Amino acid sequence: MDKIKITGGAPLNGVIPISGAKNAALPLMIASLLTKETLTLENMPQLADVTQLERILGNHGVDFTISGKRATDTENSGRTVHFTARDIVDVTAPYELVSRMRASFWVFAPLLARMGECRVSLPGGCAIGTRPVDLLLMALEKLGANIEIENGYVVGNAKDGLVGAEIDFPKVTVGGTHTALMAASLARGATVLRNAAREPEIVDLAECLIKMGARISGAGTSTIEIEGVTSLGGARHAVMPDRIETGTYAMAVAMTGGDVLLAGARADSLQAALDALSESGATITETNEGLRVYRNGAGISPVDVETAPFPAFPTDLQAQFMALMTRAQGTSRIRETIFENRFMHVQELARLGARIKLEGDTAIVTGADHLDGAQVMATDLRASVSLVIAALAARGETTINRVYHLDRGFERLEKKLSGCGAQIERVSGQG
Ligand SMILES: CC(=O)N[C@H]1[C@@H](OP(=O)(O)OP(=O)(O)OC[C@H]2O[C@@H](n3ccc(=O)[nH]c3=O)[C@H](O)[C@@H]2O)O[C@H](CO)[C@@H](O)[C@@H]1O
Ligand SMILES: C=C(OP(=O)(O)O)C(=O)O
């Protein structure tokens, strides 16, 4: 298994290109199951999760081809991938494929809406909480599906087609909103989603579905209205820039000091996180090319944050912000309200000398004068990258084990950081 070695202390200066968003690319790829025609996705990131989902879609009969690069393309341009689900050859998504990734469960909705039946293994994904799928299934049942759990598989039936309905989510769910949007797009009649997720990735999916012929209004607000259509067609859509990758590198610059342009980044997709960063002492400016993040040698101020659904501070940046706060001049409180087990990075940050106390859903972080390199290992994607941020500022060498978590969601991480002066290398091998 690969490892990453980082020697801390170097400031970051230069340009980091922001890739297409993992959490937008995955539902967009899944939307290709809704139509016989080709869905072309531009700005696709090259990530382990994307490759895994390509395998899953391939098993259902989706053909995908990658456009050749043009002479003017740089290494940093995202790929263009064409997905065609002319015939669905298998409505089962097996455990071996689905158990590795949470979002793969979302194939349930388009398979059910288009084929009237499906059988999908209960999902896996990052170990950050129990992560039930009850609300996704509640939404599909409201649309008329019959749902049973059999031997670890969720079996859905809607032989006579789905029918529009009023769906009130008791809790904001991104996956629930994605799946309800896809299913309702092919249901008979009107659907209203209330307390829908407002995340930018929901808007990206809705915009793509609209290009495919769906009739959706209100995406990005908590009430979304969908008028079902009998079929959807092909479309061309560019995956939005990754707001979590953006926030992660912005936090890395705030940690090490320096001056970096996050090329292609959009401030409106992560304003709450940028506000917290500014409060900590970083200067963030929006330019035509993206976001410029600057911090001089001055100290990091402690800032309290609480995660909540968009537009509040995202849970997917909580671990990275905690890494930053380990070097703050004072104490900060970080409250996690989305996932009950998303503090797995705390004990690993402690190996580097961080002083963090857990009180229920809140981490109390007392900034330390310095961190020291050590061997660390993380159990999920964002926790892993929080260790990268801490290591960039630690004295001496840090080795991060289990790099496969990082490869799920960060495209060319070592290259992007070393291009800005970080001393970081991947060591291939066992362990
Ligand atoms: C691939 C992808 O886009 N993953 C993101 C998505 O995950 P995901 O879509 O899984 O997250 P949700 O928004 O659904 O989860 C929010 C909360 O609702 C709970 N819940 C969810 C569904 C359900 O049926 N029942 C239920 O109780 C969850 O356990 C969690 O406590 O949104 C999360 C919250 O922004 C992010 O951290 C993930 O990175
Ligand atoms: C938790 C995440 O991913 P997933 O929902 O795929 O586990 C994430 O992207 O931070």
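This is a predicted model: local features need pLDDT of at least 70, side-chain atom pairs count only at pLDDT 80 or more; totals for chains, interfaces and linings use all residues.

Student: Which residue forms an aromatic pair with F108?

Tutor: A pair of aromatic rings is described by the distance of the centres and the angle of the planes. Here the partner of F108 is F105, with 5.5 Å from centre to centre and 20 degrees between the planes, and the pair is stacked. F105 has 2% relative accessibility and therefore counts as buried.

Student: How many aromatic pairs are found in the whole structure?

Tutor: The search finds 3 aromatic pairs. One of them joins F64 and F83, whose ring centres are 6.1 Å apart; their planes stand at 35 degrees, so this pair is tilted. It links distant parts of the chain, since F64 belongs to strand β4 (residues 63-66) and F83 to strand β5 (residues 79-84), 19 residues apart.

Student: Is F64 buried, partly exposed or exposed, and what of F83?

Tutor: F64 has a relative accessibility of 31% and so counts as partly exposed. F83, at 0%, counts as buried.

Student: Which residue lies over the face of Y153?

Tutor: That residue is R119, placed 4.1 Å from the ring centre of Y153.

Student: Let us turn to helices. How do the axes of α8 and α10 cross?

Tutor: For two helices, one reads how closely the axes approach and at what angle they cross. The axes of α8 (residues 243-256) and α10 (residues 318-325) come within 9 Å and cross at roughly 5 degrees. Angles under 35 degrees count as roughly parallel, and therefore α8 is roughly parallel to α10.

Student: Which residues meet where α8 and α10 are in contact?

Tutor: From α8 come I244, T248, M251, A254 and M255, which meet Q320, F321, A323 and L324 of α10. Sorted by class, this contact has 7 nonpolar residues, 2 polar ones and no charged ones.

Student: Where does T246 lie, and is T246 buried or exposed?

Tutor: T246 is part of helix α8. Its relative accessibility is 1%, so T246 counts as buried.

Student: Which residues is T246 in contact with, leaving aside its neighbours within four places in sequence?

Tutor: With those neighbours left aside, T246 is in contact with I18, L262, A265, L270 and L291.

Methods. Residues are numbered from 1 along each chain as its sequence is written. Chains are lettered from A and ligands numbered from 1 in the order in which they are written. Side-chain values use heavy atoms; hydrogens and water are left out. Axes are lines fitted to C-alpha atoms, for helices over the stretch in contact, and angles run from 0 to 180 degrees between N-to-C directions. Helices (H or I, at least four residues) and strands (E, at least two) are DSSP runs, numbered from the N terminus. Angles under 35 degrees count as roughly parallel, over 145 as roughly antiparallel, 65 to 115 as roughly perpendicular and the rest as oblique. Contact means heavy atoms within 4.5 Å. Ala, Val, Leu, Ile, Met, Phe, Trp, Tyr, Cys and Pro count as nonpolar, Asp, Glu, Lys and Arg as charged, and the others, Gly among them, as polar. Buried means under 20% relative accessible area, exposed over 50%, partly exposed in between (1.4 Å probe, protein chains only). Rings of Phe, Tyr and Trp (its six-membered ring) pair if their centres lie within 6.5 Å; planes under 30 degrees apart count as stacked, over 60 as edge-to-face and the rest as tilted. A charge sits over a ring if NZ of Lys or CZ of Arg is within 6 Å of the ring centre and within 35 degrees of the ring normal.
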